[in-house]
Amino acid sequence: MTQEEFQAFREKYAKQIEEIRLAAHQLHQSVNQVYGDDLPYGFHLDMVAESVNSYGYLVCAREEDVVPLYFGSFFHDSIEDTRQTYHDVLKRARKWMTEDQALMATEIVYALTNDKGRTRAERAGEKYYEGIRQTPYAPFVKLCDRLANVTYSCSVDNGRQGNRMREVYKEEMPHFLPSLSSNSEDPRLQIPFDVVIALAEVLIDEVDRDAIRKQWLED
């Protein structure tokens, strides 16, 4: 899909996308969830959706997938953080989409829901990433989620916690990107190189674009 086509579809479905956005904001607000120290959690959700705005055309296969893609980006933490079940999310998705679209949207959310575990590694283990790799648009939304978290954590005014998470994300990078990649020809399962570069530029002080591109193509 071209960037112009994606933009046109985004404008066509702007009303539904905005309603989805507000519903996700309200859901996280209802459980008093914040982002960072005191930001509303909707701040993070909007950051994820902004990456979809910028890069969604690289993975979106058809017009019918635009709204599910945005739903997945806004509701990606709803099962994990707001006590929603799979069927709760599916019921919400049906308000704006056909049954097939609602199922696609809910599967994105489900795939991005961490497993139970005592540690970060246990909560995002191989089974978790396998589910992401097999779910259309889940690798892309997960990458947008990571880009949002890294961007915030590396912001100049984010203090000690941000510095700590920056190091965590740097350590995870060699495992994180291969874990998302299925090497599929299906664009819905791909992680766009442009987003990888955007993530690297935030996370790494000096990025050797040619080296990253060479490694990416070899993999």
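At what angle do helix α1 (residues 3–12) and helix α2 (residues 14–30) pack? The first legend has the answer. This is a predicted model, where local features need pLDDT of at least 70 and side-chain atom pairs count only at pLDDT 80 or more, while totals for chains, interfaces and linings use all residues. Residues are numbered from 1 along each chain as its sequence is written, and side-chain values use heavy atoms, with hydrogens and water left out.

**View 1. Helix α1 meets helix α2 at about 70°.** Their axes sit 5 Å apart; axes are lines fitted to C-alpha atoms, for helices over the stretch in contact, and angles run from 0 to 180 degrees between N-to-C directions. Helices are DSSP runs (H or I, at least four residues), numbered from the N terminus. The angle makes α1 roughly perpendicular to α2 (65 to 115 degrees; under 35 is roughly parallel, over 145 roughly antiparallel, and the rest oblique). Arg 10, Glu 11 and Lys 12 of α1 touch Ala 14, Gln 16 and Ile 17 of α2, where contact means heavy atoms within 4.5 Å.

**View 2. Helix α9 (residues 126–133) crosses α10 at roughly 120°.** Here the axes come within 7 Å, and α9 and α10 are therefore oblique to each other. From α9 come Tyr 128, Tyr 129, Ile 132 and Arg 133, and from α10 come Ala 138, Pro 139, Lys 142 and Arg 146.

**View 3. Zoom in on Ile 132, a residue of helix α9.** Ile 132 counts as buried because its relative accessibility is 0% (buried means under 20% relative accessible area, exposed over 50%, partly exposed in between, with a 1.4 Å probe and protein chains only). Leu 112 is 20 residues away in sequence, yet the C-alpha atoms of Ile 132 and Leu 112 are 6.6 Å apart.

**View 4. Here is the largest nonpolar core, with 66 residues.** Such a core is a set of buried Ala, Val, Leu, Ile, Met, Phe, Trp, Tyr and Cys residues joined through side-chain atoms within 4.5 Å. Phe 71, Phe 74, Phe 75, Phe 140 and Leu 143 touch the most other members. Helix α10 (residues 138–153) gives the most to this core, nine residues. Setting aside neighbours within four places in sequence, Leu 143 has contacts that include Phe 176, Ile 191 and Leu 199.

**View 5. Ser 78 sits in helix α5 (residues 78–81).** Ser 78 is buried, with 0% relative accessible area. Its side chain reaches the backbone oxygen of Phe 75 at 2.7 Å.

Conventions. Helices (H or I, at least four residues) and strands (E, at least two) are DSSP runs, numbered from the N terminus. A polar contact is a pair of N or O atoms within 3.5 Å; within protein, one must be able to donate a hydrogen and the other to accept it, and residues adjacent in sequence count only if both atoms are side-chain atoms.
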